[in-house]
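Please keep the sequence and the structure open while reading.

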Amino acid sequence: MEDLNTGNPRQTAGERLTASIPQLDGGSQRRVAAISSPALAVARLTLPRVMDAEGRVDESRLRMHIFKNGGVCPSERGLAWRFLFGMYPCGSTALERSLLQDQLVVRYQVMKRKWQHFLPSAMRMHLNGTDAELLAAVRYFDQRQAQTQQQSQDRSEAVRVRMAFLELQAQILFERVTFDREELQEAIRIIDKDVPRTNRDLSYYQNEGLGNLLVLREILITYAAFHPEVSYAQGMNDLCSRFLEVLDCEVDTFWSFSCYMEKFSRDFRADGLHRKIELEAALLKELDPPLYAHLVKDNMERFTFCHRWLLLGFQREFEHSEALRLFEILSCDHLELISQQVDRARYQERVAQKFSTEDGSESELQAINTDFTFELFICAAILLEHRESLLQCPDDVQLLQYTNGLQGTLDLNSILKKAEHHFYNYCKRCAWDFTNGRCRPDRSKHEDFFYHLRSLFVLK
(Lines give C-alpha, C1' and ligand atoms only; values in the text may rest on other atoms or scores of the structure.)
Protein backbone atom coordinates (compact mmCIF):
# COMPACT_ATOMS: atom_id res chain seq x y z
CA MET A 1 0.00 0.00 0.00
CA GLU A 2 1.15 3.52 -0.65
CA ASP A 3 1.00 6.49 1.66
CA LEU A 4 -2.27 8.27 0.92
CA ASN A 5 -0.62 11.67 0.92
CA THR A 6 2.79 11.21 -0.63
CA GLY A 7 2.44 8.15 -2.86
CA ASN A 8 5.55 6.68 -1.24
CA PRO A 9 5.57 2.96 -0.40
CA ARG A 10 4.24 2.61 3.11
CA GLN A 11 5.33 0.15 5.71
CA THR A 12 2.61 -1.93 7.24
CA ALA A 13 2.36 -3.70 10.57
CA GLY A 14 5.07 -6.34 10.66
CA GLU A 15 7.49 -5.07 8.06
CA ARG A 16 9.65 -3.47 10.70
CA LEU A 17 10.11 -6.89 12.25
CA THR A 18 12.29 -8.39 9.56
CA ALA A 19 13.31 -11.92 8.94
CA SER A 20 16.59 -11.20 10.73
CA ILE A 21 14.91 -11.43 14.14
CA PRO A 22 16.33 -14.45 15.94
CA GLN A 23 13.84 -17.29 16.28
CA LEU A 24 13.70 -20.11 18.76
CA ASP A 25 16.51 -22.52 18.13
CA GLY A 26 14.97 -25.83 17.25
CA GLY A 27 18.19 -27.59 18.18
CA SER A 28 18.49 -26.14 21.67
CA GLN A 29 17.95 -28.34 24.70
CA ARG A 30 14.33 -28.08 25.83
CA ARG A 31 13.12 -28.62 29.37
CA VAL A 32 9.72 -28.97 30.95
CA ALA A 33 8.09 -25.62 31.71
CA ALA A 34 8.55 -24.18 35.17
CA ILE A 35 5.68 -24.08 37.65
CA SER A 36 6.09 -20.32 38.11
CA SER A 37 8.37 -17.49 36.98
CA PRO A 38 8.83 -15.08 39.92
CA ALA A 39 11.74 -13.28 38.27
CA LEU A 40 9.51 -11.97 35.48
CA ALA A 41 7.31 -10.15 37.99
CA VAL A 42 10.07 -7.57 38.45
CA ALA A 43 11.52 -7.73 34.93
CA ARG A 44 11.37 -4.63 32.75
CA LEU A 45 10.10 -4.11 29.24
CA THR A 46 12.58 -2.16 27.13
CA LEU A 47 9.92 -0.93 24.69
CA PRO A 48 10.15 2.87 24.44
CA ARG A 49 7.89 4.81 26.84
CA VAL A 50 5.87 1.72 27.73
CA MET A 51 6.98 1.10 31.35
CA ASP A 52 7.63 3.71 34.03
CA ALA A 53 10.29 3.65 36.75
CA GLU A 54 8.11 1.66 39.19
CA GLY A 55 7.12 -0.91 36.59
CA ARG A 56 3.67 0.33 35.56
CA VAL A 57 2.80 -0.27 31.89
CA ASP A 58 1.03 2.22 29.65
CA GLU A 59 -1.45 -0.20 28.10
CA SER A 60 -2.37 1.98 25.12
CA ARG A 61 1.30 2.47 24.23
CA LEU A 62 1.96 -1.25 24.55
CA ARG A 63 -0.91 -2.13 22.23
CA MET A 64 0.04 0.57 19.74
CA HIS A 65 3.68 -0.55 19.78
CA ILE A 66 2.67 -4.15 19.07
CA PHE A 67 0.52 -3.16 16.11
CA LYS A 68 2.76 -0.55 14.53
CA ASN A 69 5.91 -2.64 14.94
CA GLY A 70 4.34 -5.92 13.93
CA GLY A 71 4.73 -7.45 17.39
CA VAL A 72 7.53 -7.45 19.93
CA CYS A 73 10.86 -9.19 19.61
CA PRO A 74 10.84 -12.84 20.78
CA SER A 75 13.06 -12.06 23.78
CA GLU A 76 10.40 -9.75 25.25
CA ARG A 77 7.31 -11.57 24.04
CA GLY A 78 6.80 -13.61 27.21
CA LEU A 79 6.74 -10.57 29.50
CA ALA A 80 4.68 -8.49 27.06
CA TRP A 81 2.03 -11.22 26.82
CA ARG A 82 1.60 -11.30 30.59
CA PHE A 83 0.44 -7.67 30.36
CA LEU A 84 -1.30 -7.95 27.01
CA PHE A 85 -3.57 -10.80 28.06
CA GLY A 86 -4.24 -9.49 31.56
CA MET A 87 -2.36 -11.81 33.88
CA TYR A 88 -0.48 -8.78 35.19
CA PRO A 89 -2.55 -5.60 35.59
CA CYS A 90 -0.89 -2.88 33.54
CA GLY A 91 -1.28 -0.46 36.45
CA SER A 92 0.63 -2.69 38.87
CA THR A 93 4.13 -1.92 40.12
CA ALA A 94 6.94 -4.48 40.14
CA LEU A 95 6.56 -4.88 43.91
CA GLU A 96 2.82 -5.48 43.60
CA ARG A 97 3.39 -8.09 40.89
CA SER A 98 5.80 -10.02 43.12
CA LEU A 99 3.04 -10.40 45.72
CA LEU A 100 0.47 -11.17 43.01
CA GLN A 101 2.69 -13.89 41.56
CA ASP A 102 2.74 -15.82 44.83
CA GLN A 103 -1.03 -15.51 45.10
CA LEU A 104 -1.59 -16.78 41.56
CA VAL A 105 0.75 -19.73 42.11
CA VAL A 106 -0.99 -20.84 45.29
CA ARG A 107 -4.49 -20.41 43.87
CA TYR A 108 -3.63 -22.47 40.81
CA GLN A 109 -2.12 -25.24 42.93
CA VAL A 110 -5.19 -25.35 45.18
CA MET A 111 -7.47 -25.49 42.12
CA LYS A 112 -5.45 -28.30 40.59
CA ARG A 113 -5.39 -30.34 43.80
CA LYS A 114 -9.16 -29.95 44.16
CA TRP A 115 -10.01 -31.71 40.89
CA GLN A 116 -7.24 -34.27 41.46
CA HIS A 117 -8.76 -35.23 44.82
CA PHE A 118 -12.20 -35.33 43.21
CA LEU A 119 -11.02 -37.61 40.36
CA PRO A 120 -7.79 -39.26 41.52
CA SER A 121 -7.93 -41.70 38.60
CA ALA A 122 -7.54 -38.75 36.20
CA MET A 123 -4.29 -37.50 37.73
CA ARG A 124 -2.31 -39.50 35.18
CA MET A 125 -2.98 -39.85 31.47
CA HIS A 126 -3.89 -43.39 30.50
CA LEU A 127 -1.37 -44.65 27.94
CA ASN A 128 -1.68 -47.67 25.69
CA GLY A 129 2.09 -48.20 25.60
CA THR A 130 2.44 -47.79 21.84
CA ASP A 131 3.45 -44.11 21.85
CA ALA A 132 7.09 -43.99 22.94
CA GLU A 133 7.13 -40.19 22.94
CA LEU A 134 4.23 -40.01 25.37
CA LEU A 135 5.92 -42.51 27.65
CA ALA A 136 9.02 -40.29 27.63
CA ALA A 137 6.82 -37.25 28.24
CA VAL A 138 5.46 -38.81 31.43
CA ARG A 139 8.98 -39.55 32.64
CA TYR A 140 10.19 -35.97 32.03
CA PHE A 141 7.05 -34.57 33.68
CA ASP A 142 7.52 -36.76 36.76
CA GLN A 143 11.11 -35.59 37.05
CA ARG A 144 9.93 -31.99 37.11
CA GLN A 145 7.37 -32.81 39.78
CA ALA A 146 10.07 -34.31 41.99
CA GLN A 147 12.31 -31.27 41.54
CA THR A 148 9.42 -28.95 42.41
CA GLN A 149 8.69 -30.84 45.62
CA GLN A 150 12.34 -30.60 46.63
CA GLN A 151 12.36 -26.84 45.99
CA SER A 152 9.28 -26.45 48.20
CA GLN A 153 11.02 -28.25 51.04
CA ASP A 154 14.05 -25.96 50.70
CA ARG A 155 12.02 -22.78 51.33
CA SER A 156 12.81 -20.61 54.31
CA GLU A 157 10.49 -20.61 57.31
CA ALA A 158 9.21 -17.10 56.50
CA VAL A 159 8.33 -18.11 52.94
CA ARG A 160 6.55 -21.27 54.11
CA VAL A 161 4.46 -19.27 56.57
CA ARG A 162 3.44 -16.75 53.89
CA MET A 163 2.59 -19.47 51.39
CA ALA A 164 0.57 -21.35 54.00
CA PHE A 165 -1.48 -18.21 54.65
CA LEU A 166 -2.09 -17.73 50.93
CA GLU A 167 -3.10 -21.37 50.63
CA LEU A 168 -5.64 -20.97 53.42
CA GLN A 169 -7.11 -17.97 51.60
CA ALA A 170 -7.31 -19.95 48.36
CA GLN A 171 -8.99 -22.91 50.05
CA ILE A 172 -11.66 -20.62 51.46
CA LEU A 173 -12.11 -18.99 48.05
CA PHE A 174 -12.70 -22.30 46.25
CA GLU A 175 -14.35 -24.17 49.12
CA ARG A 176 -17.84 -24.02 47.63
CA VAL A 177 -16.81 -24.95 44.08
CA THR A 178 -18.38 -28.26 43.05
CA PHE A 179 -17.81 -30.45 40.02
CA ASP A 180 -20.15 -32.49 37.84
CA ARG A 181 -18.44 -35.87 37.71
CA GLU A 182 -19.76 -36.97 34.32
CA GLU A 183 -19.11 -33.64 32.62
CA LEU A 184 -15.57 -33.39 33.97
CA GLN A 185 -14.79 -37.00 33.03
CA GLU A 186 -16.02 -36.32 29.50
CA ALA A 187 -13.88 -33.19 29.24
CA ILE A 188 -10.82 -35.13 30.43
CA ARG A 189 -11.55 -37.89 27.92
CA ILE A 190 -11.49 -35.39 25.05
CA ILE A 191 -8.42 -33.61 26.44
CA ASP A 192 -6.56 -36.92 26.62
CA LYS A 193 -7.37 -37.48 22.94
CA ASP A 194 -6.37 -33.97 21.85
CA VAL A 195 -3.20 -33.34 23.84
CA PRO A 196 -1.21 -36.11 22.09
CA ARG A 197 -2.30 -34.56 18.76
CA THR A 198 -0.70 -31.22 19.63
CA ASN A 199 2.00 -30.37 17.12
CA ARG A 200 5.06 -32.18 18.48
CA ASP A 201 7.20 -30.99 15.58
CA LEU A 202 7.54 -27.63 17.33
CA SER A 203 10.93 -27.17 18.98
CA TYR A 204 9.13 -26.55 22.26
CA TYR A 205 8.10 -30.20 22.43
CA GLN A 206 11.46 -31.65 21.48
CA ASN A 207 13.65 -33.76 23.81
CA GLU A 208 12.70 -33.13 27.45
CA GLY A 209 10.17 -30.63 26.16
CA LEU A 210 7.88 -33.61 25.52
CA GLY A 211 6.98 -33.26 29.18
CA ASN A 212 5.21 -30.03 28.27
CA LEU A 213 2.41 -32.14 26.79
CA LEU A 214 1.57 -33.22 30.33
CA VAL A 215 1.83 -29.62 31.55
CA LEU A 216 -0.63 -28.65 28.82
CA ARG A 217 -2.97 -31.41 29.98
CA GLU A 218 -2.93 -30.18 33.59
CA ILE A 219 -3.74 -26.63 32.51
CA LEU A 220 -6.62 -27.67 30.28
CA ILE A 221 -8.21 -29.96 32.89
CA THR A 222 -7.94 -27.27 35.57
CA TYR A 223 -9.54 -24.75 33.25
CA ALA A 224 -12.36 -27.14 32.30
CA ALA A 225 -13.02 -28.04 35.94
CA PHE A 226 -13.38 -24.44 37.10
CA HIS A 227 -15.16 -23.14 33.98
CA PRO A 228 -17.93 -25.72 33.47
CA GLU A 229 -19.93 -23.28 31.34
CA VAL A 230 -17.10 -23.54 28.81
CA SER A 231 -15.42 -26.80 29.84
CA TYR A 232 -13.22 -28.05 26.97
CA ALA A 233 -13.72 -27.98 23.22
CA GLN A 234 -11.51 -29.28 20.44
CA GLY A 235 -8.97 -26.70 19.38
CA MET A 236 -8.31 -25.35 22.86
CA ASN A 237 -5.20 -27.52 23.09
CA ASP A 238 -3.63 -25.73 20.11
CA LEU A 239 -4.59 -22.34 21.48
CA CYS A 240 -3.30 -23.07 24.99
CA SER A 241 -0.14 -24.59 23.53
CA ARG A 242 0.63 -21.21 21.99
CA PHE A 243 0.49 -19.57 25.42
CA LEU A 244 2.59 -22.32 27.00
CA GLU A 245 5.27 -22.05 24.33
CA VAL A 246 5.62 -18.28 24.74
CA LEU A 247 5.25 -18.03 28.53
CA ASP A 248 7.07 -21.30 29.32
CA CYS A 249 5.41 -21.44 32.73
CA GLU A 250 2.46 -23.55 33.91
CA VAL A 251 0.85 -21.06 36.30
CA ASP A 252 1.27 -18.04 34.04
CA THR A 253 -0.11 -19.96 31.07
CA PHE A 254 -3.22 -20.97 33.02
CA TRP A 255 -4.04 -17.43 34.09
CA SER A 256 -3.22 -15.82 30.74
CA PHE A 257 -5.22 -18.45 28.87
CA SER A 258 -8.12 -17.96 31.31
CA CYS A 259 -8.08 -14.19 30.71
CA TYR A 260 -8.09 -14.74 26.95
CA MET A 261 -11.00 -17.18 27.20
CA GLU A 262 -13.07 -14.66 29.16
CA LYS A 263 -13.32 -12.73 25.91
CA PHE A 264 -13.30 -15.49 23.31
CA SER A 265 -14.85 -18.57 24.93
CA ARG A 266 -18.00 -18.04 22.85
CA ASP A 267 -16.00 -18.87 19.72
CA PHE A 268 -15.77 -22.47 20.95
CA ARG A 269 -19.54 -22.86 21.23
CA ALA A 270 -21.90 -23.63 18.36
CA ASP A 271 -23.57 -20.23 18.47
CA GLY A 272 -20.16 -18.55 18.37
CA LEU A 273 -19.18 -20.60 15.33
CA HIS A 274 -22.28 -19.54 13.42
CA ARG A 275 -21.87 -15.91 14.50
CA LYS A 276 -18.29 -15.74 13.20
CA ILE A 277 -19.33 -17.26 9.88
CA GLU A 278 -22.22 -14.83 9.53
CA LEU A 279 -19.96 -11.85 10.25
CA GLU A 280 -17.29 -12.96 7.78
CA ALA A 281 -19.94 -13.50 5.12
CA ALA A 282 -21.46 -10.07 5.82
CA LEU A 283 -18.06 -8.39 5.55
CA LEU A 284 -17.22 -10.18 2.30
CA LYS A 285 -20.60 -9.09 0.94
CA GLU A 286 -19.54 -5.48 1.63
CA LEU A 287 -16.12 -5.91 0.05
CA ASP A 288 -16.81 -8.25 -2.90
CA PRO A 289 -20.47 -9.13 -3.61
CA PRO A 290 -19.71 -11.54 -6.51
CA LEU A 291 -17.26 -13.60 -4.43
CA TYR A 292 -19.72 -13.58 -1.54
CA ALA A 293 -22.52 -14.84 -3.82
CA HIS A 294 -20.29 -17.63 -5.14
CA LEU A 295 -19.33 -18.84 -1.67
CA VAL A 296 -22.78 -18.58 -0.11
CA LYS A 297 -25.03 -20.00 -2.83
CA ASP A 298 -27.85 -21.77 -0.94
CA ASN A 299 -26.30 -21.60 2.54
CA MET A 300 -23.19 -20.47 4.38
CA GLU A 301 -21.75 -23.92 5.03
CA ARG A 302 -18.98 -23.15 2.56
CA PHE A 303 -17.64 -20.52 4.98
CA THR A 304 -16.92 -23.13 7.64
CA PHE A 305 -13.21 -23.21 6.77
CA CYS A 306 -13.01 -19.53 7.75
CA HIS A 307 -14.07 -20.41 11.27
CA ARG A 308 -11.06 -22.69 11.66
CA TRP A 309 -8.83 -19.83 10.56
CA LEU A 310 -10.43 -17.45 13.05
CA LEU A 311 -10.74 -19.90 15.94
CA LEU A 312 -7.05 -20.84 15.90
CA GLY A 313 -5.78 -17.41 14.91
CA PHE A 314 -4.59 -18.57 11.46
CA GLN A 315 -2.22 -20.94 13.22
CA ARG A 316 -1.82 -23.27 10.26
CA GLU A 317 -2.07 -20.77 7.43
CA PHE A 318 1.20 -18.97 8.24
CA GLU A 319 4.65 -20.20 9.17
CA HIS A 320 4.74 -20.83 12.93
CA SER A 321 6.70 -17.76 14.04
CA GLU A 322 4.58 -15.58 11.74
CA ALA A 323 1.36 -17.06 13.15
CA LEU A 324 2.56 -16.19 16.66
CA ARG A 325 3.23 -12.65 15.53
CA LEU A 326 -0.20 -12.33 13.93
CA PHE A 327 -1.89 -13.65 17.06
CA GLU A 328 -0.08 -10.98 19.03
CA ILE A 329 -1.08 -8.24 16.59
CA LEU A 330 -4.73 -9.28 16.58
CA SER A 331 -4.80 -9.52 20.37
CA CYS A 332 -3.60 -5.95 20.83
CA ASP A 333 -7.05 -4.77 19.62
CA HIS A 334 -5.54 -1.63 18.07
CA LEU A 335 -7.67 -1.60 14.92
CA GLU A 336 -11.10 -2.39 16.28
CA LEU A 337 -14.25 -0.52 15.36
CA ILE A 338 -15.22 -0.25 19.03
CA SER A 339 -11.88 1.28 19.98
CA GLN A 340 -11.81 4.68 21.64
CA GLN A 341 -9.65 6.06 18.84
CA VAL A 342 -12.13 5.18 16.10
CA ASP A 343 -15.07 6.33 18.19
CA ARG A 344 -13.35 9.65 18.90
CA ALA A 345 -12.59 10.19 15.22
CA ARG A 346 -16.20 9.47 14.26
CA TYR A 347 -17.48 11.86 16.93
CA GLN A 348 -15.27 14.64 15.60
CA GLU A 349 -16.55 13.95 12.09
CA ARG A 350 -20.18 14.05 13.23
CA VAL A 351 -19.61 17.41 14.94
CA ALA A 352 -17.86 18.84 11.87
CA GLN A 353 -20.55 17.45 9.58
CA LYS A 354 -23.36 18.94 11.68
CA PHE A 355 -22.01 22.46 11.41
CA SER A 356 -20.90 22.25 7.79
CA THR A 357 -24.26 21.62 6.10
CA GLU A 358 -25.40 24.62 4.09
CA ASP A 359 -29.14 24.29 4.69
CA GLY A 360 -28.96 23.39 8.35
CA SER A 361 -30.11 19.81 7.76
CA GLU A 362 -27.99 17.02 9.12
CA SER A 363 -26.94 14.17 6.86
CA GLU A 364 -26.39 11.03 8.87
CA LEU A 365 -23.20 9.03 8.93
CA GLN A 366 -23.76 5.56 7.59
CA ALA A 367 -23.65 2.84 10.25
CA ILE A 368 -20.40 1.00 10.87
CA ASN A 369 -20.78 -2.61 11.94
CA THR A 370 -18.70 -2.64 15.11
CA ASP A 371 -18.72 -6.45 15.14
CA PHE A 372 -16.32 -6.42 12.18
CA THR A 373 -13.10 -7.10 14.08
CA PHE A 374 -9.71 -6.76 12.43
CA GLU A 375 -9.29 -10.53 12.30
CA LEU A 376 -12.30 -10.63 9.95
CA PHE A 377 -10.48 -8.22 7.65
CA ILE A 378 -7.44 -10.52 7.76
CA CYS A 379 -9.69 -13.41 6.73
CA ALA A 380 -11.26 -11.31 3.97
CA ALA A 381 -7.83 -10.25 2.71
CA ILE A 382 -6.85 -13.91 2.30
CA LEU A 383 -10.07 -14.67 0.41
CA LEU A 384 -9.68 -11.66 -1.87
CA GLU A 385 -6.04 -12.45 -2.59
CA HIS A 386 -7.16 -15.85 -3.88
CA ARG A 387 -10.37 -14.58 -5.41
CA GLU A 388 -9.93 -15.96 -8.94
CA SER A 389 -9.01 -19.43 -7.71
CA LEU A 390 -11.94 -19.52 -5.28
CA LEU A 391 -14.33 -18.54 -8.06
CA GLN A 392 -13.10 -21.56 -10.01
CA CYS A 393 -14.03 -23.99 -7.21
CA PRO A 394 -17.37 -25.47 -8.30
CA ASP A 395 -18.21 -27.39 -5.12
CA ASP A 396 -17.47 -27.66 -1.42
CA VAL A 397 -14.92 -30.45 -1.87
CA GLN A 398 -12.66 -28.46 -4.20
CA LEU A 399 -13.11 -25.34 -2.08
CA LEU A 400 -11.94 -27.21 1.01
CA GLN A 401 -9.04 -28.78 -0.86
CA TYR A 402 -7.91 -25.40 -2.11
CA THR A 403 -8.12 -23.64 1.26
CA ASN A 404 -6.33 -26.53 2.98
CA GLY A 405 -3.58 -26.15 0.42
CA LEU A 406 -2.92 -22.61 1.66
CA GLN A 407 -1.52 -23.87 4.95
CA GLY A 408 1.92 -22.45 5.60
CA THR A 409 2.06 -20.58 2.29
CA LEU A 410 0.71 -17.12 3.10
CA ASP A 411 2.89 -14.02 3.45
CA LEU A 412 1.97 -12.22 6.66
CA ASN A 413 3.21 -8.73 5.74
CA SER A 414 1.34 -8.81 2.44
CA ILE A 415 -1.89 -9.95 4.11
CA LEU A 416 -1.58 -7.31 6.85
CA LYS A 417 -1.09 -4.59 4.27
CA LYS A 418 -4.18 -5.66 2.34
CA ALA A 419 -6.27 -6.07 5.49
CA GLU A 420 -5.40 -2.53 6.58
CA HIS A 421 -6.36 -1.29 3.13
CA HIS A 422 -9.76 -3.01 3.30
CA PHE A 423 -10.33 -1.80 6.86
CA TYR A 424 -9.58 1.79 5.95
CA ASN A 425 -11.74 1.75 2.84
CA TYR A 426 -14.64 0.14 4.71
CA CYS A 427 -14.52 2.86 7.38
CA LYS A 428 -14.19 5.50 4.69
CA ARG A 429 -17.30 4.32 2.85
CA CYS A 430 -19.35 4.06 6.01
CA ALA A 431 -18.17 7.25 7.67
CA TRP A 432 -19.40 9.75 5.11
CA ASP A 433 -22.18 9.90 2.60
CA PHE A 434 -20.22 11.28 -0.35
CA THR A 435 -23.36 11.91 -2.38
CA ASN A 436 -25.29 13.97 0.15
CA GLY A 437 -22.64 15.06 2.63
CA ARG A 438 -21.43 18.62 2.45
CA CYS A 439 -18.21 19.72 4.07
CA ARG A 440 -16.77 23.11 4.90
CA PRO A 441 -14.27 23.92 2.13
CA ASP A 442 -11.90 25.62 4.57
CA ARG A 443 -11.82 22.79 7.08
CA SER A 444 -8.32 21.85 8.21
CA LYS A 445 -7.17 18.35 7.45
CA HIS A 446 -6.67 17.90 11.19
CA GLU A 447 -10.46 18.11 11.60
CA ASP A 448 -11.11 15.45 8.98
CA PHE A 449 -12.23 11.95 9.97
CA PHE A 450 -9.93 10.32 7.46
CA TYR A 451 -6.94 12.17 8.90
CA HIS A 452 -7.78 10.81 12.35
CA LEU A 453 -8.43 7.35 10.95
CA ARG A 454 -5.09 7.30 9.13
CA SER A 455 -3.37 8.09 12.45
CA LEU A 456 -4.37 4.64 13.68
CA PHE A 457 -2.30 2.96 10.96
CA VAL A 458 1.41 2.39 10.76
CA LEU A 459 2.11 5.52 8.74
CA LYS A 460 -0.01 8.69 8.52
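The residues that line the second largest pocket divide into nine nonpolar, seven polar and eight charged, where Ala, Val, Leu, Ile, Met, Phe, Trp, Tyr, Cys and Pro count as nonpolar, Asp, Glu, Lys and Arg as charged, and the others, Gly among them, as polar. This is a predicted model, in which local features need pLDDT of at least 70 and side-chain atom pairs count only at pLDDT 80 or more, while totals for chains, interfaces and linings use all residues. Residues are numbered from 1 along each chain as its sequence is written, and side-chain values use heavy atoms, with hydrogens and water left out.

**Pockets**

A pocket is here an open set of points, on a 1 Å grid over the protein atoms alone, where a 1.4 Å probe fits and where protein lies on both sides within 12 Å along at least five of seven lines; its lining residues have an atom within 4 Å of a point. Grid points are joined across faces, edges and corners, and the volume is the space filled by probe spheres set on the points.

The second largest pocket holds about 680 Å³ of space. Its lining consists of 24 residues, of which Lys112, Arg113, Gln116, Gln145 and Gln149 lie nearest its centre. The elements that give two or more residues to this lining are H3, H4, H5 and H7; helices such as these are DSSP runs (H or I) of at least four residues, numbered from the N terminus.

The largest pocket holds about 830 Å³ of space, and among its 30 lining residues Ala34, Ile35, Ser36, Thr148 and Gln151 are the closest to its centre. Two or more residues of the lining come from each of H3, H4 and H5, and H4 gives the largest share, seven residues. By residue type, the lining of the largest pocket divides into eleven nonpolar, eleven polar and eight charged.

**Salt bridges**

Side chains of opposite charge can pair when their charged atoms come close. With a salt bridge taken as a side-chain nitrogen of Lys or Arg within 4 Å of a carboxyl oxygen of Asp or Glu, the count comes to 30 salt bridges. Three of them are listed here.

| Salt bridge | N to O distance |
|---|---|
| Glu167 and Arg113 | 2.7 Å |
| Asp142 and Arg124 | 2.9 Å |
| Lys263 and Asp333 | 2.5 Å |

The salt bridge of Glu167 with Arg113 links distant parts of the chain, with Glu167 in helix H5 and Arg113 in helix H3 (residues 94-118), 54 residues apart. Glu167 is partly exposed at a relative accessible area of 27%, and Arg113 is partly exposed as well, at 30%; partly exposed lies between buried (under 20% relative accessible area) and exposed (over 50%), for a 1.4 Å probe and protein chains only.

In the salt bridge of Asp142 with Arg124, Asp142 lies in helix H4 (residues 132-153) and Arg124 in the loop between H3 and H4, so the pair ties together parts that are 18 residues apart in sequence. The relative accessible area of Asp142 is 31%, which is partly exposed, and Arg124, at 45%, counts as partly exposed too.

The salt bridge of Lys263 with Asp333 also links distant parts of the chain: Lys263 is in helix H9 (residues 250-264) and Asp333 in the loop between helix H13 (320-331) and helix H14 (340-354), 70 residues apart. Asp333 is partly exposed at 26% relative accessibility. Elsewhere, salt bridges that share partners join Lys112, Arg144, Glu218 and Glu250 into one network.

**Aromatic rings**

Rings of Phe, Tyr and Trp (its six-membered ring) pair if their centres lie within 6.5 Å, and planes under 30 degrees apart count as stacked, over 60 as edge-to-face and the rest as tilted. The structure holds 26 aromatic pairs. One of them joins Phe174 and Phe226 edge-to-face, at 5.5 Å centre to centre and 75 degrees between the planes. Phe174 lies in the loop between helix H5 (157-173) and helix H6 (181-194) and Phe226 in helix H7 (residues 212-226), so the pair ties together parts that are 52 residues apart in sequence. Both Phe174 and Phe226 are buried.
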